[in-house]
Amino acid sequence: PGMSLDLTEVDPDDGQYWDFTKADKRAKAKKRVEEEKPFLLIGCPPCTPFCQIFGANIAKLGPERVNAMIEEGKMHLKFCMELYELQMSQGRFFLHEHPLYAKSWKIPDVVKIACKPGVAVVRGDMCRHGMVSADEQGTAPVFKPTGWMSNSELILQELNLICTNIDSNGKEPNKEKHRHVHLVHGRAEAAQVYPEKL
């Protein structure tokens, strides 16, 4: 079925998480991709240092911590782009996910991949993919506009689902169709887990 190499998975060889800020973990993961040749490689590196919520918390964290988080985030992104480049060079596929309005989409390494022939970026709002959360009013869909980048046209067709509240101008005048639970007060962490439908 594939493999998962991320910050929640432990490398059985040393009991350490797959932290791609560490050169040995990057080298080992790249070797596995080269050897196992996955048909599809899915990347969803940590988005925290590139998101709007992070910007609101910068004052609480302090400049040293903020800079460290941004550099770690860039390192994860750069490594993902390196693996996507490898996938494409061998005729295989990749899928990249990050919040649609995250600053990461403007990082040169990401822009370089996005501009390659056969690669495209689409929008898929999580409410259309079945993501829900609960607030003081009860359970409701989570908006969470998400960017998906891939060299697979068919995968992007499946993911390109925009909230039914949005009109053709990109505005949200039809809020009566459904309400959204906002990802505040600790709800954003739970929204990192993809819904079963997705």
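Colleague: Why is Phe94 called buried?

Modeller: In this predicted model, Phe94 has a relative accessible area of 0%. Buried means under 20%, so Phe94 counts as buried.

Colleague: What makes Tyr84 and Phe94 a stacked aromatic pair?

Modeller: Their ring centres are 4.4 Å apart, with 15 degrees between the planes. Pairing needs centres within 6.5 Å, and planes under 30 degrees apart count as stacked; therefore Tyr84 and Phe94 form a stacked pair. Tyr84 belongs to helix H3 (residues 63–89) and Phe94 to strand E4 (residues 93–99), ten residues apart. Tyr84 is buried too, with a relative accessible area of 1%.

Colleague: Why is the pair of Trp148 and Tyr194 called tilted?

Modeller: The centres of Trp148 and Tyr194 lie 6.1 Å apart and the planes make 45 degrees. Under 30 degrees would be stacked and over 60 edge-to-face, so this pair is tilted.

Colleague: How do you know that the pair ties together parts 46 residues apart in sequence?

Modeller: Trp148 lies in strand E8 (residues 145–150), while Tyr194 is in the segment after helix H6 (187–190).

Colleague: What makes Lys25 a charge over the face of Trp18?

Modeller: Lys25 is 5.1 Å from the ring centre of Trp18. The distance limit is within 6 Å, with a further condition of within 35 degrees of the ring normal. Lys25 is listed as lying over the face of Trp18.

Conventions. Residues numbered from 1 in each chain as written. Predicted model: local features only at pLDDT ≥ 70, side-chain atom pairs only at ≥ 80, totals over all residues. Heavy atoms only, no water. Phe/Tyr/Trp six-rings, centres within 6.5 Å; stacked < 30°, edge-to-face > 60°. Helix = DSSP H or I, 4+ residues; strand = E, 2+ residues; numbered from the N terminus. Buried < 20%, exposed > 50% of the residue type's maximum accessible area, 1.4 Å probe, protein only.
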